[in-house]
Amino acid sequence: MSQTPSVKLGTGDAPLARPPSRKFSWDWLGLAPFFLFAIAFLLLPSASIVINSFKSPEGAFTFQNIIDVVARKDLRSAYQASLSISVITALGGGLFGFLLAYAVTLGGLPKRLRSYMLTFSGVASNFSGVPLAFAFIATIGNTGLITRAIEGISGVDIHQQGFTIYSIWGLSIVYMYFQFPLMVLIMAPALDGLRREWKEACENLGATSWQYWRYVALPILMPSLLGTMILLFGNAFGAYATAYAFAGSFINLVTIVIGGQIQGDVLFNPGLGNALALGMVVIMGLCMTGYSWLQRRAARWTR
Amino acid sequence: MRKSNIWAWIILIVGILYFFVPLVATLDFSLRAEKDVYPSFEAFRTVFSDPEFYKNFSSSLGWSVLTIICSTLLIVPTTYWVHYRLPNWRPAVEFVTLMPFVVPAVVLTFGLIRLYCCDPLPLISSPILLVAGYMVLSFPYMFRAVDTGLRAIDVRTLTEAAQSLGAGWGTVLFRVIFPNLRVAILSGVFLTFAIVIGEFTFASLLNWPAFGPYMEYLGATRAYEPAALALISFLLTWGSTMLIQYIGRGRGVETQVAGTR
């Protein structure tokens, strides 16, 4: 490779084809408003949570808040409740949503049902919060339609014998209403992405349908399956409005405790609320890291 | 009928029941407000004659309009700039727009209150925090919608054509880019509307009048009116989703995935 002879500006006859490269570009200014907003209303509040988690009520540095969150029984049980409801609805919603997505894409149902189902799912996955809680109180609450129907048919009042729907299981039923439709919305396109050639190639090689699913289809779908289930987990973990309107303070979820801490210092230690919030951010952050990693893996097959 | 087909039908029917039974139950419940009359529209009558309903609903309408305007004005130029000049910054911008998935609303409210409660920046008494929180909630949809929209048009050619005709940046943005992104922006707008109109967490914890806290208040004090409100709210969600599908028909608008509430 021959080196280009250096040209001194203004000495040649012809002007340079390309002006000398700019030393500094002001292009970044175009993104400044967006990032300033992000710093003011996302980064700084998050940073304040992190910093205050390690502050004692007197303002000194301490690990006591973090230790308390792990050691105090009420706070630990709040995390347990939040985590279990998230795992239950992520697994349940994920499994049922996957089956439903399979039924409307590859299940051999009339084509029309597929678009109806996707529309329903779009609506249901966005129907959450206070009104969703009300809908389920009218369904499985003390005088709900299903409660009365069960009592009418079998004579059993499901709310007697100390059973209460305002528990982790009851709330799981409510969360499922937006969880499985979300799975359908994401899995239906993924199932469409399974190429017919793969199935045909398997059949030509003498594979059974089970072998096709076990060794070809499921491994391909696994990243999007797991990724979406992580999304469902986070979706349930951070929910506040639905739980608050459905069960109020009957269920001691982390989000409910943080909400109580905002409305009035229920833990009698501001630092403790920060540590609780920090735990949520850490768990959600891990979720999103796992999710984006799985997303990249899933994208391999959809080029 | 094949065997697998029967299973598909069973699963589909279970799914449809899960979707419709709560709605039917809510409708049924909302029609029982009077003792011996069924159906009775008393609950709806009470709700629609309550001045608080209109007050809180119009507050929420106001918040959603504010959020939509601010969010559009922030996201569209930013995303446009990323497409036109700074494609390397795309992951960073996308990361920020996905933050509501990492920081739940209740945690963000907590951080905002603690940070802006007192000096040097006591923003707590102004609605800035509420609108900012709603904007954060709207980012994932807005960014995704606008990003998809920009990918479908030739940003560079449009910009340079406009500039060679003497257009400044304002003209390029508002008379070239915005009109070309109509559909994308509208689908982001309706989704933002659907989220903000019934939002509870931010409004309740920051103490602003809004439809979400009003619904919750009625739920704690009344029996049948909440069911009526739930139905009204469902119709709003359904209406916005339908509008998004209608304006995005045949354009392959991606399915939108919501954050936590």
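Here are some notes on a predicted model with chains A and B.

1. Some housekeeping before the details. Residues are numbered from 1 along each chain as its sequence is written, while chains are lettered from A and ligands numbered from 1 in the order in which they are written. Since this is a predicted model, local features need pLDDT of at least 70 and side-chain atom pairs count only at pLDDT 80 or more, but totals for chains, interfaces and linings use all residues.

2. Start with chain A, which has 12 helices and zero strands. Both kinds of element are DSSP runs, numbered from the N terminus: H or I over at least four residues for helices, E over at least two for strands. Of the 303 residues in chain A, 43% are buried, that is, with 20 or more other C-beta atoms (placed from the backbone) within 10 Å of their own.

3. Chain B is built from 13 helices and zero strands. Its C-alpha trace spans about 75 × 65 × 30 Å along the principal axes, and buried residues make up 49% of its 261 residues.

4. Now for how the chains meet: 64 residues of chain A are in contact with 68 residues of chain B, contact being C-beta atoms, placed from the backbone, within 7 Å. On the chain A side, helix α1 (residues 32–53) gives the largest share, 12 residues. That side divides into 42 nonpolar, 21 polar and one charged. Here Ala, Val, Leu, Ile, Met, Phe, Trp, Tyr, Cys and Pro are nonpolar, Asp, Glu, Lys and Arg are charged, and the others, Gly among them, are polar.

5. Have a look at α8 (residues 196–204) and α9 (residues 209–237) of chain A, whose axes come within 10 Å and cross at roughly 125°. The axes are lines fitted to C-alpha atoms over the stretch in contact, with angles from 0 to 180 degrees between N-to-C directions. That angle makes α8(A) oblique to α9(A), as the class takes whatever is not under 35 degrees (roughly parallel), over 145 (roughly antiparallel) or 65 to 115 (roughly perpendicular). A:W198, A:K199 and A:C202 of α8(A) make the contact with A:Q211, A:Y212 and A:V216 of α9(A).

6. Finally, the largest nonpolar core has 165 residues, and B:V146 is among those with the most contacts inside it. Such a core is a set of buried Ala, Val, Leu, Ile, Met, Phe, Trp, Tyr and Cys residues joined through C-beta atoms within 7 Å. Leaving aside residues up to four places away in sequence, B:V146 touches B:I75, B:V76, B:T79, B:L181, B:A184, B:I185 and B:G188.

Key:
Contact = placed C-beta atoms within 7 Å. Buried ≥ 20, exposed ≤ 12 C-beta atoms within 10 Å, placed from the backbone.
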